[in-house]
Amino acid sequence: MATGAATTVTTGNNPLRDGRDSRVPRIAGPCSMVIFGVTGDLSRRKLLPAIYDLANRGLLPPGFALVGFARRDMSDDEFAQLVHESISSSARTPFREEVWQQLKEGLRFVQGTFEDEDGFHRLATTLKDLDRDRGTGGNIAFYLAIPPTEFPVVLDQLSSNGLAQPNPEPGQPAPWRRVVIEKPFGHDLKSAQELNALVNRVFPERTVFRIDHYLGKETVQNILALRFANQLWDPIWNANYVDHVQITMAEDIGLGGRAGYYDGIGAARDVIQNHLLQLLALTAMEEPVSFQPKQLQIEKIKVLSATKLVAPLDETTARGQYTAGWQGSEPVVGLLQEEGFDPNSKTETYAAITLAVETRRWAGVPFYLRTGKRLGRRVTEIAVVFKRAPHLPFDQTMTEELGQNALVIRVQPDEGITMRFGSKVPGSSMEVRDVNMDFSYGEAFTEDSPEAYERLILDVLLGVPSLFPVNEEVELSWRILDPALEHWAANGKPDPYEAGTWGPESADEMLARSGREWRRP
């Protein structure tokens with residue numbers, strides 16, 4: 001071997017490859033993050049605690065700087081107090097004073113409105129000072145934790161003040177600029193295309209990170225491990241063996257206090273267009289050439305390109321709106337009685353659609369997607385339901401309680417995987433019924449899973465876009481959903497369903513037409 005040649009360890013159970021230990025997480029390089037809307041609910045509940053948790057795990061550089069931008073008039077010390085309160089109430093990891101003090105040294109606040117030219121001048125000056133004092137290398141991530149209606153003015157200000165374009169020093173590496181966008185990514189296909197064009201006028205697509213927090217969840221990422229790290233599933237992961245797939249995101253909470261965001265948006269735009277179609281893509285995609293971001297995106301785009309609504313939409317879609325009922329032992333009001341909602345609102349709080357993935361692997365397998373508020377319990381899951389055995393050498397009485405085999409990936413709240421299959425009941429007679437084999441993250445692993453925003457923020461700072469939908473994915477998702485939205489808009493009000501139940505009767509009828517039924521998690 002030549003002197004100085006790299007050594008590669010090829011032993012199957014050794015994590016070292018090219019001298020690197022794959023078990024050691026990557027640490028972000030020198031950088032700053034600017035959060036617009038830093039005093040809002042998302043920032044205080046999710047973003048600020050996640051940043052502290054990253055620092056506490058040693059994944060942020062010592063000189064990391066965080067700049068808050070909002071209209072409220074605050075000093076740097078008052079901003080630090082706001083950050084401290086957010087950490088105290090919502091951080092996942094224990095509070096450590098030495099970590100807090102290091103993070104606090106890099107906290108700055110800039111007061112201004114989005115139309116305020118002077119505010120962005122002050123922001124530019126603050127970032128330049130932090131670069132000099134903290135060694136951030138001129139690398140900046142801009143997090144737009146603001147409504148999409150505010151994007152145009154903020155993007156224009158970033159561009160006109162030279163903040164969106166790096167200005168490298170002679171002989172130095174070019175610094176990076178990145179922008180993070182929260183959903184909704186538009187209201188329909190046309191608005192999504194306009195939004196994408198607006199963002200890309202200022203930031204090239206490779207520097208745009210669209211946050212879908214579901215993609216940061218460990219159990220969602222485990223779909224890839226389950227499918228592609230195991231030989232067990234691939235032979236049966238196709239239309240020869242799978243009867244149908246159900247993807248569910250159910251919530252037991254109502255919408256009191258959220259009228260300003262939700263009224264006129266509805267369940268389909270809020271959840272199906274992003275979260276559930278991304279889960280479908282990961283479930284149905286082919287094996288990527290590698291797990292590099294570009295290869296993952298290629299396979300997801302292929303699936304979404306092949307996905308269509310099943311017609312007729314009167315029979316293959318359903319929507320509902322919750323009425324008064326009981327959530328557990330508490331009486332709750334219906335949507336039309338919730339504060340801030342129009343008494344004549346046609347906004348759906350439940351949506352279900354039937355999709356076909358028109359590929360050789362999935363031809364003839366319906367994918368049922370549903371989401372709703374004020375349902376029986378909070379749960380997100382992917383259920384792959386298999387066809388019945390073509391021949392059962394038992395009397396009917398022996399198997400009358402036997403259902404279909406299923407693999408259920410539980411995304412939240414009890415993260416894990418369940419396999420449902422038939423087993424003999426102990427006793428002298430041959431009786432077969434369903435049993436469950438269960439894997440639970442909480443029992444199998446001692447380390448807590450990182451919160452989704454931790455993983456996603458770190459990936460932004462590292463420049464790893466694997467878990468972020470690109471332009472084409474967003475537009476394809478709207479192209480899939482738009483016909484259902486247009487159909488519903490032209491066909492009256494959503495069907496009522498009582499709070500605490502599992503949705504309107506029309507959703508049950510939707511599956512019953514093909515002899516199927518929804519799972520009751």
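Visitor: Where is the place of arginine 374?

Guide: In this predicted model, arginine 374 is found in the loop between β15 (366–372) and β16 (379–386). Its phi is near 55°, which is a positive value in a residue other than glycine.

Visitor: Why does arginine 374 count as buried?

Guide: The relative accessibility of arginine 374 is 13%, and the term buried applies under 20%, so arginine 374 counts as buried.

Visitor: What makes α9 and α10 roughly perpendicular to each other?

Guide: Two packed helices are described by the angle between their axes and the distance between the axes. Here the axes of helix α9 (residues 266–284) and helix α10 (residues 293–305) come within 9 Å and cross at roughly 105°. Angles of 65 to 115 degrees count as roughly perpendicular, and α9 and α10 are therefore given that description.

Visitor: Which residues in α9 and α10 meet?

Guide: From α9, the residues are Leu277, Gln278, Leu280, Ala281, Leu282 and Ala284, and they meet Lys300, Val303 and Leu304 in α10. Sorted by class, this contact of α9 with α10 has 7 nonpolar, 1 polar and 1 charged residues.

Visitor: How many aromatic pairs does a search of the whole structure find?

Guide: The search finds 14 aromatic pairs. One of them, formed by phenylalanine 36 and phenylalanine 114, is edge-to-face, with 6.3 Å centre to centre and 75° between the planes. The centre distance falls within the 6.5 Å required for a pair, and the angle is over the 60 degrees that edge-to-face requires. This pair links distant parts of the chain, since phenylalanine 36 is in strand β3 (residues 32–36) and phenylalanine 114 is in the loop between β5 (107–111) and α4 (117–134), 78 residues apart.

Visitor: Why is the pair of phenylalanine 36 and phenylalanine 142 called stacked?

Guide: The ring centres of phenylalanine 36 and phenylalanine 142 are 6.4 Å apart and their planes are at 25°; planes under 30 degrees apart count as stacked, so that is the name for this pair. This pair, too, links distant parts of the chain, with phenylalanine 36 in strand β3 and phenylalanine 142 in strand β6 (residues 140–144), 106 residues apart.

Visitor: How do you know whether phenylalanine 36 and phenylalanine 142 are buried or exposed?

Guide: Phenylalanine 36 has 0% relative accessibility, and phenylalanine 142 has a relative accessible area of 0%. The cut-off for buried is under 20%, so phenylalanine 36 counts as buried, and phenylalanine 142 is buried as well.

Visitor: What does glutamine 157 touch, and why does it count as buried?

Guide: Glutamine 157, which lies in helix α5 (residues 151–160), touches Phe114, Glu115, Asp116, Glu117 and Phe120, not counting residues up to four places away in sequence. Its relative accessibility of 6% is under the 20% cut-off, so glutamine 157 counts as buried.

Visitor: What makes the charged end of arginine 178 sit over the ring of tryptophan 176?

Guide: That charged end is 3.7 Å from the ring centre of tryptophan 176, where the distance criterion is within 6 Å and the direction must also lie within 35 degrees of the ring normal.

Visitor: Which peptide bonds are cis?

Guide: Among them is the bond that joins lysine 183 and proline 184, with omega about 10°; proline 184 lies in the loop between β7 (177–182) and α6 (189–202). Another runs from glutamine 412 to proline 413, with omega near -5°.

Notes:
Residues numbered from 1 in each chain as written. Predicted model: local features only at pLDDT ≥ 70, side-chain atom pairs only at ≥ 80, totals over all residues. Heavy atoms only, no water. Axes fitted to C-alpha atoms, helices over the stretch in contact; angles between N-to-C directions. Helix = DSSP H or I, 4+ residues; strand = E, 2+ residues; numbered from the N terminus. Parallel < 35°, antiparallel > 145°, perpendicular 65-115°, else oblique. Contact = heavy atoms within 4.5 Å. Nonpolar A, V, L, I, M, F, W, Y, C, P; charged D, E, K, R; others polar. Phe/Tyr/Trp six-rings, centres within 6.5 Å; stacked < 30°, edge-to-face > 60°. Buried < 20%, exposed > 50% of the residue type's maximum accessible area, 1.4 Å probe, protein only.
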